[in-house]
Amino acid sequence: YKLSLLPSGVVRPGKLSIIGNGVVIDPWALLDEIDGIRAQGVELTPETLRIAENACLILPLHGEIDRAREVADELAATGVNSIAVECDVTSRESLEALAERAFAELGEVRLLCNNAGVGTMGAVAELPEDNARWVFDVNVFGVLNGCAAVVPRFKRQGGPANVVNTGSEHSLGIPFAGMGIYTASKHAVLA
């Protein structure tokens, strides 16, 4: 057996193995490893494999944050005043902190681009409420939070400033099967 993320105890039938604290887990690599060991005849169940609550996850978001920082550094090397800031558009406080930092570090800010978007598939009548709220929290309240955090600062600084709220073709109300909640959220951005 060749194991990277899985503890070696998983090959012993009936024994509990735990991926412990301090382990950094790529969920997709872990799932691939689980599939591989199952193909070799090792049975894994919640009774034989657990993950500690304080194990760390590597998610695609982490790569995006790294790329944003690299781009900001590249722009800074050419003389362009830029920053990369991680924030949660569903949180007004997070966007307030972003706006505060942007205006403090960049001086004048003249453009706000609200361009976050997520989607979920499923018939509206069957979609879990949490999924629908997540789509609206990001797609609609993200725009509202961005505007609420930045527009008052635009007014205080004076001069021209612009807000660009990105929707999609769904903003025009062109639904695809299974994307009713996404379409409703993007139509709200247009409204």
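Author: From the N terminus on, the elements of the protein chain follow the order β-β-α-β-β-α-α-β-α-β-α. That comes to five helices and six strands. The model is predicted. For 191 residues the globule rule gives 16 Å, and the radius of gyration of the protein chain is 22 Å, well over that value, so the chain is more spread out than a compact globule. Along its principal axes the C-alpha trace spans about 70 × 45 × 25 Å. Of the 191 residues, 28% are buried. The chain exposes about 12,000 Å², and carbon and sulfur atoms supply 56% of this area. Among contacts with a separation of 6 or more, 62% are between residues 24 or more positions apart.

The largest pocket has a volume of about 1,200 Å³. It is lined by 37 residues, and the closest to its centre are Val85, Glu86, Cys87, Leu98 and Cys113. By class, the lining has 26 nonpolar, seven polar and four charged residues. Helix H2 (60-77), helix H3 (92-106), strand S5 (111-114) and helix H4 (129-157) each supply at least two residues of the lining. The largest share, eight residues, comes from H2.

Ala84 is found in the loop between H2 and H3. Leaving aside neighbours within four places in sequence, Ala84 is in contact with Ala68, Arg69, Ala72 and Arg101. The C-alpha atoms of Ala84 and Asp73 are separated by 8.7 Å, with the two residues 11 apart along the chain.

Asn114 belongs to strand S5. Its relative accessible area is 9%, and because buried means under 20%, Asn114 is classed as buried. Not counting residues up to four places away in sequence, Asn114 touches Gly142, Val143, Gly146 and Cys147, and also Val163, Val164, Asn165 and Thr166. H4 covers residues 129-157, and strand S6 covers residues 162-165.

In helix H5 (residues 180-190), the buried residues are Ile181, Tyr182, Thr183, Ser185, Lys186 and Val189. The buried residues of H5 pack against H4 and S6. In the loop between S6 and H5 lies Met179, which counts as buried at 18% relative accessibility. Not counting residues up to four places away in sequence, Met179 touches Met121 and His170. Met179 and Met121 are 58 residues apart along the chain, yet their C-alpha atoms are separated by 5.5 Å.

Towards the other end of the sequence, Ser17 has its place in strand S1 (residues 17-19). With a relative accessible area of 5%, Ser17 is buried. Leaving aside neighbours within four places in sequence, the contacts of Ser17 are with Pro7, Gly9, Val10, Thr48, Leu49 and Arg50.

To return to the request: the lining of the largest pocket draws at least two residues from each of H2, H3, S5 and H4, and 26 of its residues are nonpolar.

Technical notes. Residues numbered from 1 in each chain as written. Predicted model: local features only at pLDDT ≥ 70, side-chain atom pairs only at ≥ 80, totals over all residues. Heavy atoms only, no water. 1 Å grid on protein atoms, 1.4 Å probe; cavity = no way out; pocket = protein on both sides within 12 Å on 5 of 7 lines; lining within 4 Å. Points joined across faces, edges and corners; volume = space filled by probe spheres on them. Helix = DSSP H or I, 4+ residues; strand = E, 2+ residues; numbered from the N terminus. Nonpolar A, V, L, I, M, F, W, Y, C, P; charged D, E, K, R; others polar. Buried < 20%, exposed > 50% of the residue type's maximum accessible area, 1.4 Å probe, protein only. Contact = heavy atoms within 4.5 Å. Rg over C-alpha atoms; globule rule 2.2 N^0.38 Å. Areas by Shrake-Rupley, 256 points an atom, 1.4 Å probe, with all protein chains shown as cover.
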